[in-house]
Amino acid sequence: MSGQPDTHHEESFWRKYIFSIDHKVIGLQYGITALIFLFFGFCLMMMMRWQLAYPEQPMPWFGWLFGETGVMLPEMYNSLGAMHGTVMIFLGVVPLAVGAFGNYFVPLQIGAPDMAFPKLNMTSYWCYFAGGIVMMVGFFVPGGAANSGWTSYPPLADIATTGQTVWLFGMVLLITSSLLGSINTITTIVQLRAKGLTWMRLPFFVWSQFVTAFLLLLAFPPLEAAGVLQLMDRLLDTSFFLPSGLIVSGEVLNVSGGGSPLLWQHMFWFLAHPEVYVLILPAMGIVAEVLSNNTRKPLWGYKSIVYASSFLGFMSFIVWAHHMFMTGMGSTISAFFQTTTMIISVPSVVILTAMFISLWGASIRYNSAMLFALGFLPMFGIGGLTGLPLGIAASDIHLHDTYYVIGHFHYVVAPGTIFALFAGVYYWFPKMTGKTLNETLGKIHFWLSMIFINGIFMPMFVQGLAGVSRRLWDGGASYAHATDTLWLNEVMSASAWLLGLAQIPFIYNLIKSMKSGEKAESNHWDATTLEWTDAPSPPLPHRNFEVIPEVYRGPYEYSVPGADKDFTPQSEA
Amino acid sequence: MEIPYNVEERQDTGMFNAKLGIWLFLASEVMLFGGLFSAYVFLRMGDVTGTFISGASELNIPLATFNTLVLISSSVTMIMSWVSLKLGEQKKFKTYLGTTLLLAGVFLVVKYFEYTAKFHHGIFPETSTFFAIYFTLTGLHMLHIIGGMVVIFYFLVPGSKMMNTESERFTNRIEIVGLYWHFVDLVWIFLFPVLYLL
């Protein structure tokens, strides 16, 4: 800080670190909170994996959580399942991808001093935080946390224990948070781009955040509406989702009836399908940055990727009912949604193909960030391609609600999105902290994660094709279908716990490097985008740049023939 | 550092930040009410016992018509207050904005009598899916009215100092409030025929 009178004044601790309106501090708040929730959601899953591998055996070390016997009861298993999904998606991955990386790097990459609405930005973080706390409170109410699955299907969810009400209140807060965040992101990108930064000069990461923000803005409100309706059902005894003559525990439920459980599914998936693209698009954005930087080549087909991602965003609003082929909604509707689902796979393939071609003929720098980005490509490929049989109504009959589905979407989100987020952490850590991460630890982290994460999810395809249903408390032990594939449960569980251990080098690396890592240069990776070329590491509080840069060229001008170095910054005239 | 285009328009987009912000917010609101209207359609299509027809016949159409007129008038006074501000007539601005607030209050009072009349006849949200969606939609709409009233009150009394210190910014803010208020008005224009007349 060079003593600029307009910005340089001492801020109190609270203003600077807790109720900050600086997008970088808020981004870090999002990042740290989301990483903690990510780890928490992972712990829930590790407990479930004990029950699946060794059904009804007392759990070592953590058995006290389930009472004297140390055995996990079915109700508890259901709670853990519902909360694992909720925590991972709404409290972990999306806040990390959008709240942390989006918040931190969108203003930097477009040459803006901050987000367009800094106070709104702070509000959206605290709504998210409050939503997280409310979700956690669920574990302590009678009957435990929500236990109707992360999808909260009624009628079950309508008559479930108090935890479901808490879950709904938590969701309303989280939805509010992402609505405020998405308004902020779109306004920032439209209004605050630096001089010369036209739409086709935006780094793809910014584009991905732009499309994502539209999905959040327009897909979340119907879920909020659905949440309000379910709250009405639970608190005011309405029957939005309860059909007439519903019998619960042998007695006719005393409600007016006339509602429809299918209505919830439509409203829920209208959000939850675009949500899939909310999870994957920012990941693609990060991978595009890392790939281009470490191949030292322009991203292949930049415009195709931009158009494809916009088309993807649009299409994601009209595919939702492919989650509902088995509900009996009719073959005409199924045919429509099957067709749109096949169409939406095209832009995903365009993006992935362009990324693969970007590798062609490059002299690749294999650093930790690049390894994770490279890992993303085949993993997302597996996740995407295994989705096709689920999108076709006929083959979905066999696969619906089996472990195949679990394997499919975890390949997209875990070794897909989360690997991309790791790539983002390794790539941008020097910018955020001014310190470098240890490369050796990073590579250990990558290779161990890569092996074990496949150990968890690959066997799920086998089990699922064999017909093992998801959400079975005993992992299929009492299920005739499962006998041949039951041994895989132990393989998956061991992989899960080892994957947990494989995160130790990462956590150690983060803390150690933050304290005593080597100092990073401002353009640590010889990159071309504004956050590296024009802002110091870490960027200046509240204004990012000494001088707001001007932009003269596209985002990925690497190895330009005739240039004196192998990267030409966007801000170089 | 000041954030650019907070007050003045950006040339290539023709907007100041908050104007884009409020339009995006309204887009999400369209999806919120759109979701609920879709729920209405879905439930009505599955309504074999005719609760939607019999339910609608129990609603008070004259009162709702009166309320429709009240809200439309409040939208007119809202825009008049913005115009007055643009012309620099601060006194008129206060009168018009005050009238908007008053009309919003009238709407709520009428709605209160409608609600209590229903309760006296033993009609509650749990009575049928029609009344469930009726109370949800009108209740959510009322929350939007109350939210708008809070903001209007803020600009009328505690926040009105900005009128003299940063007049352009203040005018922008009133424009934003106006956009929101017209939207809330518009929602009612849809609610009225859908719930009362169909």
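I started with the contact (heavy atoms within 4.5 Å): 44 residues come from chain A and 33 residues from chain B. This is a predicted model, where local features need pLDDT of at least 70, side-chain atom pairs count only at pLDDT 80 or more, and totals for chains, interfaces and linings use all residues. Residues are numbered from 1 along each chain as its sequence is written, chains are lettered from A in the order in which they are written, and side-chain values use heavy atoms, with hydrogens and water left out.

Next I looked up the area buried between chain A and chain B (accessible area, 1.4 Å probe, lost on putting the two together, summed over both). I got about 3000 Å², with 75% of that from carbon and sulfur atoms. Helix 6 of chain A gives the most, ten residues.

Which residues make the nonpolar surface patch of about 760 Å²? I noted Ile72(B), Val76(B), Ile79(B), Met80(B), Val83(B), Leu87(B), Leu186(B), Ile189(B) and Phe190(B). For such a patch, nonpolar side chains (Val, Leu, Ile, Met, Phe, Trp, Tyr) are joined within 5 Å, from residues with over 30% relative accessible area (Shrake-Rupley, 1.4 Å probe) and no salt bridge (side-chain nitrogen of Lys or Arg within 4 Å of a carboxyl oxygen of Asp or Glu). Helix 3 of chain B gives the most to the patch, five residues, and Ile72(B) is found in that helix.

Terms used. Helix = DSSP H or I, 4+ residues; strand = E, 2+ residues; numbered from the N terminus. Patch = residues over 30% accessible without salt bridge, like charges linked within 9 Å, V, L, I, M, F, W, Y side chains within 5 Å.
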